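Work through the exercises below with the model open. Each task is followed by a stepwise solution.

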Amino acid sequence: MISGASLGIGFATARRLGRAGARISICGRRENLLHEAAEKLRGEQIDVLEICADVSKEEDVDRWFDETAKRFGAPSVLVNNAGIAGIGALMELDEAQWDKTMRVNCRGAFLCTRRAAFFMKQADRGRIIFISSIAGQYYRGGYSLYFASKWALNGFAHSAAKELQPFNIHVHIICPGMTETRFFDAYGARPHPAEKHYVDPDAVADMVERFCRLPEGVDTNEYSIIPSWQLKNLGLRR
Amino acid sequence: MNLYLENRVALVTGGSRGIGRAVAMRLARAGARTAICARSQSSLDDALSEMRQISPNVLGIAADISRSSEVEACIRQIKDQWGGVDILINNAGVYQPAGLTETTPQMWDAQFDVNLKGAFLMTRAAVPDMIERKTGTIIFISSMVAVMSLPDHSCYAACKWGMDGFAGCIGQELVDHGIKVHVIRPGFTDTSIFDSIGGKPDFDVDWIDPDEIAGAVEFLLRLPRHAQIPELNYTTTAHRKTY
Ligand SMILES: NC(=O)c1ccc[n+]([C@@H]2O[C@H](COP(=O)([O-])OP(=O)(O)OC[C@H]3O[C@@H](n4cnc5c(N)ncnc54)[C@H](OP(=O)(O)O)[C@@H]3O)[C@@H](O)[C@H]2O)c1
Ligand SMILES: NC(=O)c1ccc[n+]([C@@H]2O[C@H](COP(=O)([O-])OP(=O)(O)OC[C@H]3O[C@@H](n4cnc5c(N)ncnc54)[C@H](OP(=O)(O)O)[C@@H]3O)[C@@H](O)[C@H]2O)c1
C-alpha cells in the first residue's frame, strides 16, 4: 500500500514494487491523476488497485484499507508517502495552512500506520516505510511549518518503530532531500536554482525496494538520500 | 534586581500548575510583570493568589492556547495592560500516552492541537511586538522525549519532535530581529501532568522539582544579549543510559 502514489516518489515506488511482483494498492485525492497512474502501472502488467482517498480523513483511510484487504488480503508493506508542503515566514502562516499541512503529513501517516498495525500485529509481520524529508533533520528559517511537520513525523515514526518491533513489524524512515517531482508546483517555483541537481524519484523508490528486501532479523531506521550539494544541510544538529 | 528581567513583560502558558507555575513564580520574584494563562479559572486563581504575595504585577488570563481567538485575546489583554510581550514561555501541554493502536484520532488531535499548534499560535501572536521592538525571548518547554523515542509515546513524542523543529526554524528566522529562541527539554518532573494516567509512574528515578526547570529558564533569560544556548537538556541521571 502506497499513499499519495499518483505522482512523484509515490508513483515511482508503486512502479518499482509492482515490477518486483508485489500487488499494489495506491491512493490519492485527485481521481483523474490517480486513474492515469493506475493505467500506466497496468500497462506494465502490474496488479493494481486505486482508491480515491485523502489520508487526513479517517473514513477515507478506513475505506482504502478495507477495499485493499478485500481485494488482496492483509497488507504486508505500507509506504507513508502522501505529503504536502507548507511554506512561509512565521507571520505569513495562517491557522488553516497549519492545520492542512499537519493533517496530511502527520495525522495522515498516523491514521494509515494505525490501521496497518492492526493487520500486521495479527500477521506477526510487516513493514512500514515513511517518506519523511531532510526537513525533519535540520532547521531552516521561513519553513517552520513544513519542517515541524516532518520533525513530528520522524518522532512518531521512531517511537512506532520501537513499539512495533516486538510484533516483527519493521519501520524505516527515508529522508529525501530535493527530489525532482511536482511537489513544488504549489509554490510556483522550486526553492533552489534550476541548475541544481535534484534526486530522481526512482532513486528514492529504489531505497524503498531495498528496505523491503532486507533479510530477516536485520533493520535500518533513518536514512537520508540527497543531492550531494545538500550535504551542507546535514549534521547541523545532533 | 537583574536588569534583564525587572519590569519585562512575560507570559507563561500553562502557568497555573507544574513547571509553568514554578516559572511564573520565579519571574514574579525577579521583578518581571508576569502573566499566566490556562483553561481552568480555579487553578489560575490559586496560582495568582500565591504570585500576588510576591508581586502586584501579575495577571491571570483564562485561555485555551489551541484556539486562535483566545490566544489573540490573551496577547491583546497583556498589551493593553503592560505593552507587548518581551518573554514568551511556551509551556502549556497535555500528556496522553497510549499504544499506537489504542491512540484514537481524537487523542491525536487533542495532543497536537495543544502541544504543537498551541505553541505556533502563541508564538505567531506574540512575535510582531517583539519584531517591532527588536528584542524578545521565546522559550519552548519541550521534553527529553524530543531526543528519544519510546513505545506508547508515538503521538506525544511526535508533538515534541515537531516543537523542536518549529523552534529551530523560527530561531533562525527571528535571529536578525534580535529575538532569541531556546528549547528546554525536561526529564521526569514531579507535576500534575501525570494525573492523566492516574498519578506519577513508579519509576526508579530522582524526580526533578519543577523549580529546577524554572531555574533553567531564569538562567537562559539572564544570559548576556550576545550569548545563545539554543537547547538545554535538564534531565535525571537515569536518562543518560537511554539516549
Ligand atoms: N520532492 C521533494 O523534494 C521531497 C523531498 C523530501 C521529501 N518529500 C516527500 O515525499 C513525499 C511525496 O512527495 P512528492 O515529491 O512525490 O510530491 P508530489 O509530486 O506532489 O506527489 C504527492 C502525491 O501525494 C498525493 N497526496 C497529497 N496529499 C494527499 C492526501 N491528503 N491524501 C492522499 N494523497 C495525497 C498527491 O496526489 P493528490 O494531490 O491528488 O492527493 C500525489 O500523488 C511527500 O511526503 C514529501 O513531503 C519530497
Ligand atoms: N512533568 C514532566 O515530567 C515533563 C517532562 C518533560 C516535559 N514536560 C512539559 O512541560 C510542560 C508543562 O507540563 P507540567 O508537567 O508542568 O504539566 P501540568 O502540571 O499538567 O501543567 C500543565 C499546565 O498547562 C495548562 N494547559 C493545559 N492545556 C492547556 C491549554 N489547551 N491551554 C492553556 N493551558 C493549558 C494547564 O492548565 P489547564 O489544564 O487549566 O488548562 C496547566 O497549567 C508541558 O509542555 C509538558 O509536556 C513535562
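**Exercise 1.** How many salt bridges are there between chain A and chain B?

*Solution.* Note that this is a predicted model. Step one: the count between chain A and chain B is four salt bridges. Step two: take one of them, where the side chains of A:Arg107 and B:Asp109 meet at 2.8 Å, N to O. Step four: locate the elements. On the side of chain A that touches chain B, α4 (95–123) and α5 each give two or more residues.

**Exercise 2.** Describe the extent of the interface between chain A and chain B.

*Solution.* Begin with contacts: 41 residues of chain A meet 44 residues of chain B. Then the area: about 3,600 Å² is buried between the two chains, and carbon and sulfur atoms give 65% of it. Finish with the main contributors in chain A. A:Leu90, A:Trp98 and A:Glu163 lose the most area to chain B, together 18% of what that side buries.

**Exercise 3.** Which residues come nearest to ligand 1?

*Solution.* Of the 30 residues around ligand 1, the nearest are A:Ser6, A:Arg29, A:Asn81, A:Thr179 and A:Thr181. By class, the shell holds 14 nonpolar, eleven polar and five charged residues. Both α1 (8–19) and α5 (144–164) of chain A supply at least two residues of this shell. Now check side-chain N or O atoms against ligand oxygen atoms: A:Tyr146 lies at 2.8 Å, and A:Lys150 at 3.0 Å. Last, burial: ligand 1 alone exposes 880 Å², and the protein buries 97% of that.

Notes
Residues numbered from 1 in each chain as written. Chains lettered and ligands numbered in written order. Predicted model: local features only at pLDDT ≥ 70, side-chain atom pairs only at ≥ 80, totals over all residues. Heavy atoms only, no water. Near = heavy atom within 4 Å. Polar contact = N/O pair within 3.5 Å; in protein donor to acceptor, adjacent residues only side chain to side chain. Areas by Shrake-Rupley, 256 points an atom, 1.4 Å probe, with all protein chains shown as cover. Helix = DSSP H or I, 4+ residues; strand = E, 2+ residues; numbered from the N terminus. Nonpolar A, V, L, I, M, F, W, Y, C, P; charged D, E, K, R; others polar. Contact = heavy atoms within 4.5 Å. Buried area = accessible area lost by both parts, 1.4 Å probe.
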